[in-house]
Amino acid sequence: MPPDPAGVSYAQTTPVTCPACGHRFDFAVWLIVDTAGWPDLLDRIRGGTLHDVTCPACGHALGRADAPLLLYSPSPLSGGGPGWGYPLSGGGPGWG
Ligand SMILES: [Zn+2]
């Protein structure tokens with residue numbers, strides 16, 4: 001599984017054996033995709049090819065993985081309610 005900088009996206013890898021050439025590989029079935037962290041995956045989702053299984057060795061199309069997909073779209077952080085959080089920019093006096 002590729003690293004996920006946002007820690008939200010989740011993929012299950014499934015072992016697949018290509019019927020054409022016998023190559024074995026792990027196919028990542030994405031279950032949760034952070035659309036902000038993985039714009040390239042979003043492109044594949046829009047193109048409808050995210051769960052298309054293709055053999056990396058010979059290019060044989062094995063079909064499509066049937067899996068539910070949850071898109072995660074983080075909302076922007078709200079601007080500090082009462083008593084919640086410090087401004088992160090412009091360090092305070094005596095710091096730095
Ligand atoms: Zn193959």
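## Overall layout

From the N terminus on, the elements of this protein follow the order β-β-α-β-β-β. That gives one helix and five strands. Please keep in mind as you look at the structure that this is a predicted model.

Of the 96 residues in the protein, 7% count as buried. If you take the contacts between residues at least 6 apart in sequence, 55% of them join residues at least 24 apart.

The average pLDDT of the protein is 77, and 70% of the residues score at least 70. The stretch to treat with care is residues 77-96, where pLDDT stays under 50. For that stretch, the model has two contacts beyond four places in sequence.

## The three-stranded sheet

Let's turn to the sheet. Three strands make up an open sheet, in the order β1-β2-β5, and their pairing is mixed. The edges are taken by β1 (10-17) and β5 (70-72); each has a single partner strand, so one side of each is left without a neighbour in the sheet. From one strand to the next, the twist averages 40°.

As a reminder, strands of a sheet pair through backbone hydrogen bonds, in either a parallel or an antiparallel way. Both kinds of pairing can be found here. β1 and β2 run antiparallel and are joined by eight bridges; Val16, for example, has Phe25 in β2 as its bridge partner. Strand β2 (residues 24-34) and β5 run parallel, with three bridges between them.

β1 and β2 form a hairpin with six residues between the strands. In this hairpin, Gly22 takes a positive phi near 80°.

Pro15 lies in strand β1. Is this residue buried or exposed? Pro15 counts as exposed, because it has 8 C-beta neighbours inside 10 Å, and the cut-off for exposed is 12 or fewer. Not counting residues up to four places away in sequence, Pro15 touches Arg24 and Asp26. Pro15 and Asp26 are 11 residues apart along the chain, yet their C-alpha atoms are separated by 4.5 Å.

## Ile45 in the helix

Now for the helix. Ile45 has its place in helix α1, which covers residues 39-47. Within 10 Å of Ile45 there are 17 other C-beta atoms, so this residue is partly exposed; a buried residue would need 20 or more.

Which residues does Ile45 contact, leaving aside its neighbours within four places in sequence? They are Val33 and Leu50. As for Ile45 and Leu71, they are 26 residues apart in sequence, and the C-alpha to C-alpha separation in space is 9.7 Å.

Definitions and conventions. Residues numbered from 1 in each chain as written. Predicted model: local features only at pLDDT ≥ 70, side-chain atom pairs only at ≥ 80, totals over all residues. Pairing = 2+ DSSP bridges. Helix = DSSP H or I, 4+ residues; strand = E, 2+ residues; numbered from the N terminus. Axes fitted to C-alpha atoms, helices over the stretch in contact; angles between N-to-C directions. Contact = placed C-beta atoms within 7 Å. pLDDT = per-residue confidence, 0-100.
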